[in-house]
Amino acid sequence: MESRWRKAKMSLGLNLCVYVPRTLDDDGSPSTGSSTAALVSPAASSAATSANTTPTAEQAAAGKVLMPTTPTPTSAGLRLSKSGSKSFKKTCAICLTIMKPGQGHALFTAECSHTFHFHCIAANVKHGSNNCPVCRTEWKELPFRGPLPAEFPQGSARINPVNGHQNGGHMTLLRPLPRARSSGRLHHVTSLLPDTDRSIFNDDEPLELCEATEDPQQGCLRTVEIKTYPEFTEIPESTSERNFTILIHLKAPLAQNLQKPGSPECVNGPNTGRAPIDLITVLDVSGSMAGTKLALLKRAMGFVIQNLGSSDRLSVIAFSSSARRLFPLRRMTESGRQQSLLAVNSLTSNGGTNIAEGLRKGSKVIEERQAKNPVCNIILLSDGQDTYTVSPTAGVHKAAVEYCALLPCTKNGSQQVPVHVFGFGADHDAVSLHSISQTSGGTFSFIETEATIQDAFAQCIGGLLSVVAQDLHVKVESLHPDVHFGSIRSGSYSSRITDDKRNGSIDVGDLYAEEERDFLMSVNVPQGYGETTLLNVSCVYKDPLMKDTINMSDVKVKISRPAFVSVQSVSIQVDRQKNRLHAAEVMAAARFSAERGDLTHAVSLLEDCRRMIMASASGQSGDRLCQSLDAELKEMQERMANRQRYEASGRAYVLSGLSSHSWQRATARGDSTDSESLIQAYQTSSMVDMLLRSQTLSRSSAPRQTPQMRHAKSFPARPQPR
């Protein structure tokens with residue numbers, strides 16, 4: 001017997017598996033059969049640790065190790081034979097590649113008997129999951145890769161398993177110990193808890209404490225600019241007009257933080273001269289995102305993470321058949337960025353598409369956060385149809401109602417949180433995604449090709465990181481007893497006219513730096529002499545950085561009333577905005593015809609609109625907005641050439657155009673080869689700077705220039721000034 005134990009101990013030291021006879025334990029309990037053998041290996045010894053059968057130092061030295069005759073669930077998956085078990089020739093449930101011993105990757109078998117690549121499961125645990133990805137069993141011993149720091153997190157104890165070092169790497173197990181209850185705020189370590197253990201998302205990282213500054217240069221360089229343009233500057237004194245058009249033009253100020261792309265002050269440091277943001281990204285990781293799509297999505301998210309500042313916070317929701325939060329709202333400090341990048345890189349694709357569940361969790365993060373940055377937005381990306389919540393046969397109105405209940409808002413319900421939606425590829429549900437963005441006040445972008453996803457994200461966050469005005473409201477008041485308002489054409493912005501037709505208002509919401517908004521107002525003009533004062537325009541908004549409410553001084557609209565007017569020239573500014581609104585109305589009408597199957601009529605409507613725009617005063621003057629509208633309408637005609645192309649890209653292209661023109665905000669529009677269609681009249685300097693940064697990064701990381709990158713050069717540097 002002594003000889004057999006000597007062989008057993010020698011084999012254990014050589015990492016071999018042998019049959020070991022039963023013996024007595026320390027307290028003298030008899031064995032149930034001396035002829036029964038148990039299989040022992042270094043891995044099985046580690047499993048014994050999980051089963052609370054860890055041998056003592058004295059037992060190990062004496063060679064007295066009692067192993068169970070019937071394998072427990074812990075040890076079942078760790079049993080080896082001399083020649084190697086076929087059980088290892090299975091797939092890692094995380095990376096979906098074959099696991100084989102001796103292939104250069106350490107393997108980890110959990111107490112529930114499921115085996116994974118050690119580096120795969122270590123990344124999972126590091127980002128908040130202490131449950132088995134296969135059976136969802138909650139583990140008591142968790143794998144972490146690399147040597148632990150000198151000071152372990154409170155509530156964790158180190159366990160040194162047998163064969164703790166494999167292939168020159170370090171394998172350490174952390175066994176969580178019971179935590180003492182604390183009334184104080186949780187530290188960032190608690191963010192590693194999985195969402196299955198947390199019913200309330202109030203674990204967001206606290207905001208950076210900064211003293212309020214009195215320096216006006218920390219805010220905007222100037223205030224929102226208001227201009228008005230009457231359709232005609234002169235009307236004969238004896239003439240009255242029933243539908244006289246007045247343009248109300250707003251332009252946001254230049255933000256203080258507009259610096260050169262790549263400068264560290266632009267993205268780092270607490271005092272960048274802009275309002276910090278809480279950003280929640282809701283990402284589709286269903287099975288259809290496998291391969292290149294998911295890889296490019298990770299790269300795009302890496303770009304977003306690297307361009308957020310230390311005062312900005314980010315949370316990522318991944319959804320497929322269900323949804324999970326990768327991590328709570330976390331400040332993008334150096335460590336925060338590194339942890340976020342690791343979490344995003346651990347994403348895998350599988351399952352169906354449950355957009356509603358992803359949106360629900362994203363809204364939950366916003367509504368239950370304890371601290372709040374001044375700016376808050378959601379970015380939602382999906383490449384498929386939601387088959388879990390909205391029926392495929394449901395109409396547009398029903399789909400909008402389904403998602404409306406899931407959209408986030410502030411606790412007092414007075415302010416919606418915009419959801420900027422990206423439809424990816426040819427199979428996404430453009431109608432439902434557009435309804436989400438439209439209802440929430442966000443934009444809908446169409447990403448047609450995989451290579452442009454990072455540029456689309458870059459353009460979006462370039463705007464989100466430059467908000468200079470919030471809750472902006474425009475007020476209009478009649479200054480003449482006989483001047484009454486007819487209508488306000490404000491696109492998707494909410495507007496109201498009082499019953500007496502003498503007061504009106506427009507809810508504009510947030511403005512990015514240098515963004516412009518144009519609204520057309522119809523009034524009646526009575527007869528008059530000399531000069532007629534028609535109305536007064538003012539606005540009020542909040543500076544998100546200084547947190548001050550700013551009231552802009554009134555701007556009065558006046559027209560001259562000579563006895564005779566030889567030549568009446570229409571205002572180019574008014575005419576171009578009429579063309580924009582008319583084009584948006586025609587796009588909607590053409591889409592309605594296309595959905596009914598009458599593509600010929602849809603194409604005809606678009607052609608008539610093109611001719612009207614180019615024959616107008618602004619079109620004849622070479623206005624760039626009119627040129628852009630003409631090219632965009634032409635592109636829509638081509639995408640409505642047949643039913644197949646309309647279903648694949650035409651519908652999404654039209655909806656992204658409608659979103660852009662109704663909100664007067666830049667969106668991604670497919671991947672047209674016509675450079676003229678890429679003229680973005682709504683791009684701002686901050687958007688262009690971020691877009692150029694993305695394209696430069698893509699070119700520097702690519703081995704050679706791709707057609708998509710050459711195509712991206714066609715974006716203009718700046719919109720043409722008025």
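**Stop 1: a buried pair of rings**

Select Phe108 and Phe118: both are buried (under 20% relative accessible area, with exposed over 50% and partly exposed in between, 1.4 Å probe, protein chains only). Their rings form an edge-to-face aromatic pair, 6.3 Å centre to centre and 70° between the planes. Rings of Phe, Tyr and Trp (its six-membered ring) pair if their centres lie within 6.5 Å; planes under 30 degrees apart count as stacked, over 60 as edge-to-face and the rest as tilted. Phe108 sits in strand S5 (residues 107–109) and Phe118 in helix H5 (residues 118–126), 10 residues apart. Helices (H or I, at least four residues) and strands (E, at least two) are DSSP runs, numbered from the N terminus.

This is a predicted model: local features need pLDDT of at least 70, side-chain atom pairs count only at pLDDT 80 or more, and totals for chains, interfaces and linings use all residues. Residues are numbered from 1 along each chain as its sequence is written, and side-chain values use heavy atoms, leaving out hydrogens and water.

**Stop 2: Tyr493 and Phe519**

Next, select Tyr493 and Phe519. Their ring centres are 5.8 Å apart and the planes stand at 90°, so this pair is edge-to-face. Tyr493 lies in the loop between S20 and strand S21 (495–497), Phe519 in strand S23, 26 residues apart. Tyr493 is buried at 7% relative accessible area. Phe519 is buried too, at 1%.

**Stop 3: strand S23**

Now select residues 516–525, strand S23. Of its 10 residues, 8 are buried, so the strand is largely enclosed by the rest of the structure. Which strands pair with S23? Strand S12 (residues 241–251) runs antiparallel to S23, joined by 9 bridges. Strand S20 (residues 485–489) is also antiparallel to S23, with 4 bridges. Pairing requires at least two DSSP bridges between two strands. Check two positions: Leu250 stands opposite Arg517, and Ser487 opposite Ser522.

**Stop 4: helices H12 and H13**

Finish with H12 (residues 572–595) and H13 (residues 599–615). They pack at about 170°, axes 7 Å apart. Axes are lines fitted to C-alpha atoms, for helices over the stretch in contact, and angles run from 0 to 180 degrees between N-to-C directions. H12 is therefore roughly antiparallel to H13 (over 145 degrees; under 35 is roughly parallel, 65 to 115 roughly perpendicular, the rest oblique).

Show the contact side chains, including Val586 and Ala590 of H12 and Leu605 and Met612 of H13. Contact means heavy atoms within 4.5 Å. The contact residues divide into 12 nonpolar, 4 polar and no charged. Ala, Val, Leu, Ile, Met, Phe, Trp, Tyr, Cys and Pro count as nonpolar, Asp, Glu, Lys and Arg as charged, and the others, Gly among them, as polar.
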